[in-house]
Amino acid sequence: MKYIIANWKAFVTTQKQAKALAQAFAKVKAEKHREIILCPPSPFLFAFGSSRAYTKGAQDVFWEKDGAYTGQTTLAMLVDAGVTHVIVGHSERRHFALDSDEMVNRKVRAALKAGFTVVLCVGEKEREDPKAIPEIVGKQVITALADVPLNQLSALMIAYEPIWAIGTGVADTPNDAMSASLYIRKVVGELYTSKAALALRILYGGSVNRENAAAFMHQSGIDGVLVGRASANKEDFSAIIKSVDIPKR
Ligand code: PGA
């Protein structure tokens, strides 16, 4: 099974645009070997319904149930909008909204407990730093999963998204993404069990486009892609979806 997540970020700015994209992807034939998850900005979560072709995800969530939390989107709001997946800890949230590892952990725990599939994003800032993966990514994974019970791990995906590759047009190599995924599995294996580590779904994100998507999709140890900019373009994202079926070279 391959997962293809569209993170529209704030590239989609009108309801009309969101609807048009959702309508286009609703026409994609539903296939058992791939799952498409569309993550619109939260004001547009109600702009389109569910479909056999895709599931709906949110770009973030707040951990408290309800109350005096101006500007937050709660889990109940997402349930009401028919959302099943939540991205948590995206580097842009960590950067612009100052989401700390501890806040990410609260979001992960709340969303898993509420029955959502959580897409936890981790990634290092600098490519050149040899300690970045063990220290930064390792710490992000360990902190995000604190107090997450083993029986909830099956609803978790981890998206390895090196920050230097996000929005830069310079993607990681499929091989290096696999090395990062191996390291993440090692950390999860140490925290839980090797069985859980093997079963964990790990995606790659960062400048995925129609040219490089197939290589990531077919890389062993990588279960799919998280796409930003290219996912808000109908033609590009359609090509990325099709790349699941391109035979491995
Ligand atoms: P990008 O973003 O595909 O535009 O690099 C990926 C992401 O941030 O999820």
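Student: Hi! Which residue does Arg 93 form a salt bridge with, and how far apart are the closest N and O atoms?

Tutor: Arg 93 pairs with Asp 99, with the closest N and O atoms 3.7 Å apart. A salt bridge here is a side-chain nitrogen of Lys or Arg within 4 Å of a carboxyl oxygen of Asp or Glu. Bear in mind that this is a predicted model, where local features need pLDDT of at least 70, side-chain atom pairs count only at pLDDT 80 or more, and totals for chains, interfaces and linings use all residues. Residues are numbered from 1 along each chain as its sequence is written, and side-chain values use heavy atoms, leaving out hydrogens and water.

Student: Is Asp 99 buried or exposed?

Tutor: Asp 99 is buried, at 5% relative accessible area; buried means under 20%, exposed over 50%, and partly exposed in between, using a 1.4 Å probe and protein chains only. Arg 93 is partly exposed at 28%.

Student: Switching topic: how many salt bridges does the structure hold?

Tutor: There are 14. Another one of them joins Lys 186 and Glu 190, at 3.3 Å from N to O.
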